[in-house]
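Subject: Handover of a structure and its findings

Dear colleague,

Please find the structure below, together with an account of what was found in it. I would be grateful if you would read the two side by side.

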Protein chains: 6
Amino acid sequence: MKLKIINPNTTRSMTDKIGGCARAVAAPGTEIVAVSPGMGPASIESHYDEALSVPGLLEEVIKGEREGVDAYVIACFGDPGLYAAREVARGPVIGIAEAAMHMASLTGTGFSVVTTLARTCNIAWHLAERYGLARFCRNVRASDLAVLDLERPGSDARRIITEACRQALAEDGSDCIVLGCAGMTDLCAEIADAIGAPVIDGVTSAVKLAEAMAALGIATSKRGDWAHPPPKAYSGMLEGFGMARR
Amino acid sequence: MKLKIINPNTTRSMTDKIGGCARAVAAPGTEIVAVSPGMGPASIESHYDEALSVPGLLEEVIKGEREGVDAYVIACFGDPGLYAAREVARGPVIGIAEAAMHMASLTGTGFSVVTTLARTCNIAWHLAERYGLARFCRNVRASDLAVLDLERPGSDARRIITEACRQALAEDGSDCIVLGCAGMTDLCAEIADAIGAPVIDGVTSAVKLAEAMAALGIATSKRGDWAHPPPKAYSGMLEGFGMARR
Amino acid sequence: MKLKIINPNTTRSMTDKIGGCARAVAAPGTEIVAVSPGMGPASIESHYDEALSVPGLLEEVIKGEREGVDAYVIACFGDPGLYAAREVARGPVIGIAEAAMHMASLTGTGFSVVTTLARTCNIAWHLAERYGLARFCRNVRASDLAVLDLERPGSDARRIITEACRQALAEDGSDCIVLGCAGMTDLCAEIADAIGAPVIDGVTSAVKLAEAMAALGIATSKRGDWAHPPPKAYSGMLEGFGMARR
Amino acid sequence: MKLKIINPNTTRSMTDKIGGCARAVAAPGTEIVAVSPGMGPASIESHYDEALSVPGLLEEVIKGEREGVDAYVIACFGDPGLYAAREVARGPVIGIAEAAMHMASLTGTGFSVVTTLARTCNIAWHLAERYGLARFCRNVRASDLAVLDLERPGSDARRIITEACRQALAEDGSDCIVLGCAGMTDLCAEIADAIGAPVIDGVTSAVKLAEAMAALGIATSKRGDWAHPPPKAYSGMLEGFGMARR
Amino acid sequence: MKLKIINPNTTRSMTDKIGGCARAVAAPGTEIVAVSPGMGPASIESHYDEALSVPGLLEEVIKGEREGVDAYVIACFGDPGLYAAREVARGPVIGIAEAAMHMASLTGTGFSVVTTLARTCNIAWHLAERYGLARFCRNVRASDLAVLDLERPGSDARRIITEACRQALAEDGSDCIVLGCAGMTDLCAEIADAIGAPVIDGVTSAVKLAEAMAALGIATSKRGDWAHPPPKAYSGMLEGFGMARR
Amino acid sequence: MKLKIINPNTTRSMTDKIGGCARAVAAPGTEIVAVSPGMGPASIESHYDEALSVPGLLEEVIKGEREGVDAYVIACFGDPGLYAAREVARGPVIGIAEAAMHMASLTGTGFSVVTTLARTCNIAWHLAERYGLARFCRNVRASDLAVLDLERPGSDARRIITEACRQALAEDGSDCIVLGCAGMTDLCAEIADAIGAPVIDGVTSAVKLAEAMAALGIATSKRGDWAHPPPKAYSGMLEGFGMARR
């Protein structure tokens, strides 16, 4: 199967890292394509960034439908554009927050999310609620790192995040950790070792869930709200999104 | 005060109607400016349309900040981009679904939403939940009209919607009605007369809530998640959204 | 419009203060009448006081209906008798806890209530739940002041409440404050300045919501639970409440 | 023990019936005193009636404290004044809706409430939620009988209520019935026989719960919100409620 | 009436203590039979123990049906096998966690559970949710005592639990305490005296609730999910549970 | 990896069918072992059956730990003994209701469960709530088939279940179906074809989730409630469950 991972920010180094981690867990028959959109923010740290990452993301899904992509992963912990992407795609679309939280709820009795800036905590809480998994979410903790600190060689990010995970276990009553940013995907095993508890990363979790759905022959239901969007006139810079070609 | 109403779709006739209805309820000192974005979908009938209406909407908020706008109304019942707009704006930003649902919860013990296409019902439910008002929402009913049917002279829309409102009262255990589309704003008084129960329209409700907040000197809190978004590099078609200028 | 504000306790100085603050935000065409009932407790600090404030409050609503009142505000943060008053009145009736919590949910992502005695905190929580707004309520904090301390010249109330608001922002994860007593209405702007975050007062919020409903032509729905109460025999001291005259 | 049952309406025939049914289930050592207040409505069918039944009810609790009453039952399905009464009383105070819903949740997987007028259904729902038992409440059904129809010899009430109970079992997915009015207490056994499922009456349930609490030595906690109300000045017709004498 | 209390663990000293405390509160006409099953764990401190206590418990219920038992109490705070036992029994079956939580919700505005090992806290939370009473549960606190420490003469259990109760009142915002283990039943009065707040024990609470249901003529509804289980083939060690004999 | 699927009932034909369907979706490196316990009920159709299926199931998990099993699937839609099994096992343990509901929440906006006997519907609802997924569950529908009807050649089961699925889509507002019994696993693809919407089977879903967890290196957290149960004395027929050998 062909699995397209869309990192909705435009920071290529992060996209490459995400692709690499995805390939490390993918099944033999899975081809991983990791991309960043051609437009949008360099990192996503506000509702504003999140909203403006979506056009580029949807462009990649539309292209993917022509490229024969079987399933998509949205590799930003805010799961931007998830439902819009599901409308466009024939196959499964999985968000990494969604994937990580589902996996965490199968792993322990409660999880803590460790994320980047404090202002994104509410987004994580809102997603936990939307997916029904807030009852397993004991806390969402900000590490106060900017997303791109995770890409900076020599940054202290690794230590800071590990420490936040350790505190989460000690103070939150949780028994496993969800990493709250796609840029942390490469730290997963290392932190799990360091803290002695399961650590769940959304990127790799989403890859496995997308593969699972493909193997089961399940794709987004097209009977209801996620049916293909009705084609219509679009104007201005976004004219190309009218989907008239379908 | 200067109140900018952004109809996030690009259908000018609807924008004009919205502006007219807003002016009819506005306080003497309120200047109403009703606009459509320069890009985006002609109507919003899917998560896809909703997501793609947001860049144009945010562009209007950014412009509004330079134009001395005091408050904003987002005139689409999905409240697209509400939190992103709150991050950008100094003054209040009110969504029409939000406004109508709050007003309805002060008016009766339960409301029904009467909306357009069935595929948008879940969006209304989700908003009701997000605002905490699902406990007052007895039903969301689709009239199966397309949004632009409301703009078509000679369409049967008026009759169909009135009938759906009447059924809602009879069958849902609700005692007031929320109109689930900005394009229905001009029907509000007429339907209320026809069905003998309060009918709440989001456009006019949002105007009065925005005026109320202005009178009270309350604006979006900038201490938390809705602080101004951190400026950053944007690329491609959306490069201008980097907000470097602030 | 004629707007009657009923302070359900019998402390006239508080009623006057409430009336003054209400007039300061009222629209030009709004006539504010602020009253205390002719019977009941001097302050409301228990379920017992609250229950016994309601007959006097309802008497004022019944009188108001004869006086041509267009809308009512119940100026006690427990919103006593709100639904009973809605049954009696033709126009809107707004409670100040209700008003403040609604406004706060439009202002920030989460609010803290700062109130008087600890024993009233549960009442605030219960109202937040009833109105659907508990999801926005991060904490209810008692300042351990008695209600009438707020009326005592030279009391330390102002400082104590400001301090409690500051702590709430620092510790509760909230980004705006709701003042939990009608007697605090005059402190609103001052505290907002002191703490640098929006502070919402129920009295003034309720005035603007009542005006908004009037401008929109919306009043309590009389189709359901809040229909006018059926007249019936009342006996003893409360004989006059039989409403036979309607 | 001395158990005072307060029927908060002033209809003596109903009070006598309630007293009789209570005595039929009371333990040998329990003395049942059934009273109506000296003031208030002849029946309770609105929020207005409910609010105005409370002063008379509280007067009976205050008298009860002087008479050596050990526990109280509030015999109206809206549980009016429950928390205020708990503040005043040293011993347990049980509402009949509360009692019946608790008992029903021990009896089956879901219950239906069968009550009188449709406008009181929301009150029952609200109580179910307040007590945490809404998850067991499958429906609240109005029989459209007035409360005093239950007192009228030769009325069709018995048949109508039995029929509503039968329908509830058939249509609501419930497996037991809660009778939603103190005036139905004498019908309990007869309806249970007729419909072949458990029928729970609040009056008798509350008697047994009050006895249980007394036997266990448990009374209302006085450490928190239900501590004795602070004495204070009351004025007008309600001056006597200042509780200065305590 | 004949009331069988089943301590689902096999520690006879605890069973005797439970029987004694039950007899101390039982009504004159109640015959208390306290038993331990003939198979299973010596104490219940995990989901594993809980699951494996159920066959022995059900065996005792099946025997009880032949012995003319009128009602059952399951004397372990995890309420193991409660619904299965209800299917088998004709009369009421009450779990002690269920009983204590219901009683606590009639006693105060919020309770804390004080239990044994930390790993059982989630079980208590889950039960609170299942019974609808999580809204009253302010905290579940582990004392880190093993269940059988409560049986060990000279252990420090009494002091440790009293201290945990005191802390709960001070820190949790609760106003009464629920003892979270059947083995604590004999400490109830002593702790209540020591901490000056109501302390609720499940064993004695369940006895009174079972007596109440019997007095009211209410038993488990057999119309729905708790109808007698359909007889069927059982094999292996559990062959005898086929219930063919009914 | 070695994946043990435990059908907790003792009907071998169903176990074989389950094993076959599991193998059809398993990854190349996955060895599927499908077993029935050596004791317990022939089918599970009550809380009683469910409780008594657990000892045999746990015995198989204990054996599995010695046999080098990497992960377990519990193949009964009530997910009996799930948490107890997680305590015993080192690797992941997945219930089929859990698996199917999680997968369904990734597939559509709402699912209906189609199950066997009406008395098991509540169990499905309870699990949906426990896993947080009740918000996606639009209905649980009984087909009124006994579990073993699914094993009877020539039975009408296939047609009846397909019809129930069709009705669910038409009436419940759901857009995908969850099959509510392990015995339906072989019908999944056929029904999906017949009704034109995604149909999710728990057995195959659980296989893929267990494989996913193994690939991600995630197993049940042993830090909290699901730590290995403390060894202790067991007596009677269940003596062997004392786990002293670990």
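**Salt bridges**

R90(B) is partly exposed, with a relative accessibility of 47%. Please note that this is a predicted model. The partner of R90(B) in a salt bridge is E65(B), and their closest N and O atoms lie 3.1 Å apart. E65(B), by contrast, is buried, at a relative accessible area of 7%. The two residues belong to distant parts of the chain, 25 residues apart: R90(B) sits in the loop between α3 (82-88) and β5 (93-95) of chain B, and E65(B) in helix α2 (residues 47-67) of chain B.

In chain D, a salt bridge joins the side chains of K4(D) and E67(D), at 3.3 Å from N to O. Because K4(D) is in strand β1 (residues 2-6) of chain D and E67(D) is in helix α2 (residues 47-67) of chain D, this pair ties together parts that are 63 residues apart in sequence. K4(D) is buried, with 2% relative accessibility, while E67(D) is partly exposed, with a relative accessible area of 37%.

In chain F, the side chains of K4(F) and E60(F) form a salt bridge, with 2.9 Å from N to O. Here too strand and helix are tied together: K4(F) lies in strand β1 (residues 2-6) of chain F and E60(F) in helix α2 (residues 47-67) of chain F, so the linked parts are 56 residues apart in sequence. K4(F) is buried at 2% relative accessibility, and E60(F) is buried with a relative accessible area of 5%.

In chain A, salt bridges with shared partners join K17(A), E151(A), R158(A), D186(A) and E190(A) into one network. Over all chains, a search of the whole structure finds 120 salt bridges.

**Cysteines**

How many disulfides does the structure hold over all chains? The number is zero. A disulfide is a covalent bond between the sulfur atoms of two cysteines. For C21(A), the closest cysteine sulfur is that of C188(A), and the distance of 8.7 Å is too far for a bond. C21(A) is buried, its relative accessible area being 16%. C181(F) is likewise in no disulfide, and the nearest cysteine sulfur, in C76(F), is 7.2 Å away. C181(F) is buried as well, with a relative accessible area of 9%.

**A sheet in chain E**

Chain E contains an open sheet of four strands in the order β7-β6-β8-β9, with parallel pairing. Its edge strands, each pairing on one side only, are β7 (137-142) and β9 (199-201) of chain E. From one strand to the next, the twist averages 25°. Strands β6 (residues 111-115) and β8 (residues 176-179) of chain E are paired in the parallel sense over four bridges, and F111(E) stands opposite C176(E) in β8(E).

Helix α4 (residues 96-107) of chain E packs on this sheet and touches β6, β8 and β9 of chain E; the direction of the helix makes about 155° with that of β9(E). Helix α6 (residues 157-171) of chain E also packs on the sheet, touching β6, β7 and β8 of chain E, and its direction makes about 140° with that of β8(E).

**Chains C and D**

Chain D is superposed on chain C by a rotation of 180° with 0.0 Å of shift along its axis (RMSD 0.0 Å). This is the relation of a two-fold axis. Of the interface residues of chain D, 100% are also interface residues in chain C, so the copies meet through the same surface.

With kind regards

Notes:
Residues are numbered from 1 along each chain as its sequence is written. Chains are lettered from A and ligands numbered from 1 in the order in which they are written. This is a predicted model: local features need pLDDT of at least 70, side-chain atom pairs count only at pLDDT 80 or more; totals for chains, interfaces and linings use all residues. Side-chain values use heavy atoms; hydrogens and water are left out. A disulfide is a pair of cysteine sulfur atoms within 2.5 Å. Buried means under 20% relative accessible area, exposed over 50%, partly exposed in between (1.4 Å probe, protein chains only). Two strands pair if DSSP finds at least two bridges between them. Axes are lines fitted to C-alpha atoms, for helices over the stretch in contact, and angles run from 0 to 180 degrees between N-to-C directions. Contact means heavy atoms within 4.5 Å. Copies are superposed by least squares on the C-alpha atoms of residues with pLDDT of at least 70 in both. A salt bridge is a side-chain nitrogen of Lys or Arg within 4 Å of a carboxyl oxygen of Asp or Glu.
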